[in-house]
Amino acid sequence: MSITDTDTTNWNRQALDEMLTDDEERPVLFTNARILTMDPLIGTMTGADLLFVGSLLVGVGPGIITAAQDDNAIVVDCTGMTIAPAVVDTVALAGGRGHRSEHVATLTPGNATDFLVVPDERAADVPSALATLISRPEQVRALVAAGRPVLWAGADAPGRTTAPEAGIPAVEDLTGSPRIGVWIDRNDFLHQELTADGRYDETRGGRPHAYQGRYWIDGDRIDYLDDLGFWAYGEFQGDELHHAGYVMKPG
């Protein structure tokens, strides 16, 4: 399907219905995909399968589909699609973890079931896939968090999960910080408001509340946890805020 197609509402609808009604934690298999695992040993795979049970990834690689019927798995056909981590382990990518077993947020068996499915054309690499989630959510085929659908076929999944609270750090009171306020990009397309209670609210192209969630500032780095459940980050450079390809200044 071309990336220009907008009618994606029937994309693997039966599989979605089965995932939403399943109460036995059946295995779920996303098959025939290009998978950007971000794992240093596994790398990128084509024509591959991703298998998970609940919130745990249990398999990645070619040929898993052959056991799907035996295991009564729910099968999601991802022909023409790329699967990427919904959370990126930036510490590992920077060489900050010494052992492969310490890598988190990669699509590696044993890790959490947090991933994104977008058309191949929108996912040259992981940053491109994440940019599609942020700027063109209608093109997202699936966003899965802890094994449950959050977005599906460009829309909120029925009864979608929300961002998990466990392990999320407390938000610092930023009253009086010069970084509090509205940041506007050079083309006046993106307006991002940072409030002192650690919340952000984005207006995109005149569309209010396009994205909302929590944020944390650590030095010049800012991390975002959107209410949809995905993470993003940015960086303060002097009087500019760089985020997802946008360069913003105080409004």
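**View 1. Phe 30 and Trp 152 in the predicted model.** Both Phe 30 and Trp 152 are buried in this predicted model. For Trp 152, the relative accessible area is 4%. The ring centres of Phe 30 and Trp 152 lie 6.2 Å apart with the planes at 70°, so this pair is edge-to-face. Distant parts of the chain are linked by the pair, since Phe 30 belongs to strand S1 and Trp 152 to strand S8, 122 residues apart.

**View 2. The aromatic cluster around Trp 11 and Trp 152.** One aromatic cluster is formed by Trp 11, Phe 30, Phe 52, Phe 115 and Trp 152. The structure holds eight aromatic pairs. In one of them, the rings of Trp 11 and Trp 152 have centres 5.3 Å apart and planes at 50°, so the pair is tilted. Trp 11 lies in the segment before helix H1 (13-21), 141 residues from Trp 152 in strand S8 (residues 148-152). Trp 11 counts as buried because its relative accessibility is 13%.

**View 3. Thr 31 in strand S1.** Thr 31 is placed in strand S1 (residues 28-36). With a relative accessibility of 9%, Thr 31 counts as buried. Beyond residues up to four places away in sequence, its contacts include Ala 48, Ile 65, Val 75 and Cys 78.

**View 4. Ile 217 and its surroundings.** Ile 217 is part of strand S13 (residues 207-218). Leaving aside residues up to four places away in sequence, Ile 217 touches Leu 174, Arg 179, Ile 222 and Phe 236. The charged end of Arg 179 sits over the ring of Phe 236, 4.1 Å from the ring centre. Between the C-alpha atoms of Ile 217 and Glu 172, 45 residues apart along the chain, the separation is 8.4 Å.

Notes: Residues are numbered from 1 along each chain as its sequence is written. This is a predicted model: local features need pLDDT of at least 70, side-chain atom pairs count only at pLDDT 80 or more; totals for chains, interfaces and linings use all residues. Side-chain values use heavy atoms; hydrogens and water are left out. Helices (H or I, at least four residues) and strands (E, at least two) are DSSP runs, numbered from the N terminus. Buried means under 20% relative accessible area, exposed over 50%, partly exposed in between (1.4 Å probe, protein chains only). Contact means heavy atoms within 4.5 Å. Rings of Phe, Tyr and Trp (its six-membered ring) pair if their centres lie within 6.5 Å; planes under 30 degrees apart count as stacked, over 60 as edge-to-face and the rest as tilted. A charge sits over a ring if NZ of Lys or CZ of Arg is within 6 Å of the ring centre and within 35 degrees of the ring normal.
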